[in-house]
Amino acid sequence: MAPPILALQHISCEPPAAYEDELVARGLELTRVELDAGDALPDWQDFQAIVVMGGPMGAYDESEHPWLVAEKQLLREAVADDVPVWGVCLGAQLLASALGARAYTGEQPEVGVLPVEVTAEAATDPVFAAAPASFRALQWHADTFELPESATLLASSPMYPNQAFRVGRSYGLQFHIEVSLALATDWADVPAYAESLESTLGAG
């Protein structure tokens with residue numbers, strides 16, 4: 001039997017969602033670990049791939065969330081050993097930070113269902129080659145990241161150019177394509193997410 005896939009969560013309302021549904025439909029097993037709830041990081045070598053989801057903290061908030069240090073070390077080691085990582089939103093920022101790039105707060109939050117455009121390099125990418133040249137995706141973030149060294153930029157948006165990248169067999173995506181309407185509604189109850197929503201769209 002193939003090893004399971006490790007899913008790292010940072011808040012209960014940001015599960016792998018549609019990613020998990022797709023993987024399970026393909027007969028794959030997921031092991032979820034919720035780091036903000038105190039779950040311990042397992043040995044990454046026991047897994048065939050790693051999915052890293054979003055959360056309200058910053059990739060740089062190591063003093064407030066010391067487990068971020070160990071999580072980034074895990075990601076760095078996994079990428080070096082060619083174990084695929086799929087990072088989403090905070091997960092993309094953590095992946096970039098783990099690989100030596102800067103993650104930081106942007107000038108303003110990017111929130112809403114907004115256009116994303118793929119780059120020319122996406123045409124030959126194993127994952128993004130099938131994507132349309134432009135598509136709309138859910139954005140809900142205030143932080144962003146610089147590209148790691150040797151990364152290939154795969155998608156951009158007008159507000160934040162670094163929307164998706166690949167390093168080896170690992171990917172970071174700033175935007176969300178895994179979220180249902182019900183899950184997005186739950187995010188409005190998270191104070192940090194509600195603040196981003198209000199600062200972008202105004203009070204409801």
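The following dialogue discusses how to read several features of this predicted model.

Student: Which secondary structure elements make up the chain, and in what order do they run?

Tutor: The chain comprises five helices and nine strands. Starting at the N terminus, the order is β-α-β-β-α-β-α-β-β-β-β-β-α-α.

Student: What does the radius of gyration say about the overall form?

Tutor: A compact globule of 204 residues would have a radius of gyration near 17 Å, and the chain has 16 Å, so the value agrees with that form. Along the principal axes, the C-alpha atoms fill a box of roughly 50 × 40 × 35 Å. Of the contacts with a separation of 6 or more, 70% join residues 24 or more positions apart.

Student: How should I read the nonpolar core, and which residues touch the most other members?

Tutor: In soluble globular proteins, nonpolar side chains tend to be buried together. Here the largest nonpolar core has 29 residues, and those touching the most other members are Leu-8, Ile-50, Val-52, Leu-75, Val-85, Leu-94 and Phe-165. Two or more residues each come from β1 (5-9), β3 (49-52), α2 (67-80), α3 (90-98) and β8 (164-167). The largest share, six residues, is that of α3. Apart from this core lies another, of 22 residues, including Leu-23, Leu-30, Ala-122 and Ala-137.

Student: Is α3 mostly covered or mostly open?

Tutor: Helix α3 is mostly covered, with nine of its nine residues buried. Among them are Gln-93 and Ser-97, as well as Leu-94 and Leu-95. Just after this helix, Gly-100 takes a positive phi of about 100°.

Student: With which residues is Val-85 in contact, leaving aside its neighbours within four places in sequence?

Tutor: Val-85 is in contact with Ile-50, Val-52, Leu-75, Ala-78, Val-79, Leu-95, Arg-169, Ser-170 and Tyr-171.

Student: Which residues other than glycine have a positive phi, and where are they found?

Tutor: Most residues other than glycine have a negative phi. Ser-150 is in the loop between β6 (134-145) and β7 (152-156); at 61% relative accessibility, Ser-150 counts as exposed, the cut-off being over 50%.

Student: What can be said of the surface and the charges?

Tutor: The chain exposes about 9,600 Å², of which carbon and sulfur atoms supply 53%. There are 8 positive and 30 negative side chains, and the centres of the two sets lie 7 Å apart.

Terms used
Residues numbered from 1 in each chain as written. Predicted model: local features only at pLDDT ≥ 70, side-chain atom pairs only at ≥ 80, totals over all residues. Heavy atoms only, no water. Core = buried A, V, L, I, M, F, W, Y, C linked by side-chain atoms within 4.5 Å. Buried < 20%, exposed > 50% of the residue type's maximum accessible area, 1.4 Å probe, protein only. Helix = DSSP H or I, 4+ residues; strand = E, 2+ residues; numbered from the N terminus. Contact = heavy atoms within 4.5 Å. Rg over C-alpha atoms; globule rule 2.2 N^0.38 Å. Areas by Shrake-Rupley, 256 points an atom, 1.4 Å probe, with all protein chains shown as cover. Lys, Arg positive; Asp, Glu negative; His and termini not counted. Charge placed at Lys NZ, Arg CZ, Asp CG, Glu CD.
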